[in-house]
Amino acid sequence: FVWDVPLYAAENGVVLYCWSTRDDNPAPGQESPKPMGAPNGGNILWVQHSGGEVALYAHLRDDTIDSSVCPANGVQNPGVPVSKGDFIGNAGNSGSSSAPHLHLHIQDSWTLNPLDKGEGLPMLFNNIDIGGANSQNPSWISLNDQAPVSDDSTDSNLPNVLIRIDE
């Protein structure tokens, strides 16, 4: 579904941290060797949006994050600006990943310290459809200016869900 699909920045922001050269995993369920210092998310971008929240784009394909966006692996605060809609890389299967996918989440803060985790935030979407991934013909639900979870949900994960974005 998603292997090698081009990905674009969801919002204006500045790159806080990146890694772009972790090998793609050889097959679903098999992980490539982890280089010293490489993040578990494989090829990643942490981007702080203009509103202050921080987005993680993880498991991108090896060598598809341009050096203009990620000038060097593991550099904190390279300060590279990205604009909503800028190409950021291709979906892949790098790092701790069992199959090709994009891991995207938003949180309130970010540091290099893995014990100092930010609080997850809901994402609002425009012009997307969601549907069950376990069906050849999923039932699609359209969303505009809303998060794909209810307000009273304590678990905002959407396992086994396809997201289709209108262009």
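The side chains of Glu31 and Arg22 form a salt bridge with an N to O distance of 2.8 Å, where a salt bridge is defined as a side-chain nitrogen of Lys or Arg within 4 Å of a carboxyl oxygen of Asp or Glu. Side chains of opposite charge can pair when their charged atoms come close. Accessibility was classed as buried (under 20% relative accessible area), exposed (over 50%) or partly exposed (in between), with a 1.4 Å probe and protein chains only. Arg22 is buried, at 0% relative accessibility, whereas Glu31 is partly exposed, with a relative accessible area of 42%.

The model is predicted: local features need pLDDT of at least 70 and side-chain atom pairs count only at pLDDT 80 or more, while totals for chains, interfaces and linings use all residues. Residues are numbered from 1 along each chain as its sequence is written, and side-chain values use heavy atoms, with hydrogens and water left out.

By the salt-bridge rule, the count comes to three. Another of these bridges links the side chains of Arg61 and Asp4, at 3.0 Å from N to O. Arg61 lies in the loop between β4 (54-60) and β5 (81-82) and Asp4 in the segment before β1 (6-8), so this pair ties together parts that are 57 residues apart in sequence. Strands are DSSP runs (E, at least two residues), and helices are likewise DSSP runs (H or I, at least four residues), numbered from the N terminus. Arg61 is partly exposed at 25% relative accessibility, and Asp4 is also partly exposed, with a relative accessible area of 30%.

The side chain of Arg61 also meets that of Asp24 in a salt bridge, with an N to O distance of 3.5 Å. Asp24 lies in the loop between β2 (13-19) and β3 (43-49), and Arg61 in the loop between β4 and β5, so the pair ties together parts that are 37 residues apart in sequence. Through shared partners, salt bridges join Asp4, Asp24 and Arg61 into one network.

Strand pairing was also examined; two strands pair if DSSP finds at least two bridges between them. β4 pairs with β7 (residues 103-107) in the antiparallel sense over five bridges, and Leu56 stands opposite His105 in β7. β7 in turn pairs with β8 (residues 120-121), in the antiparallel sense over two bridges. In this second pairing, Ile106 stands opposite Leu121 in β8.
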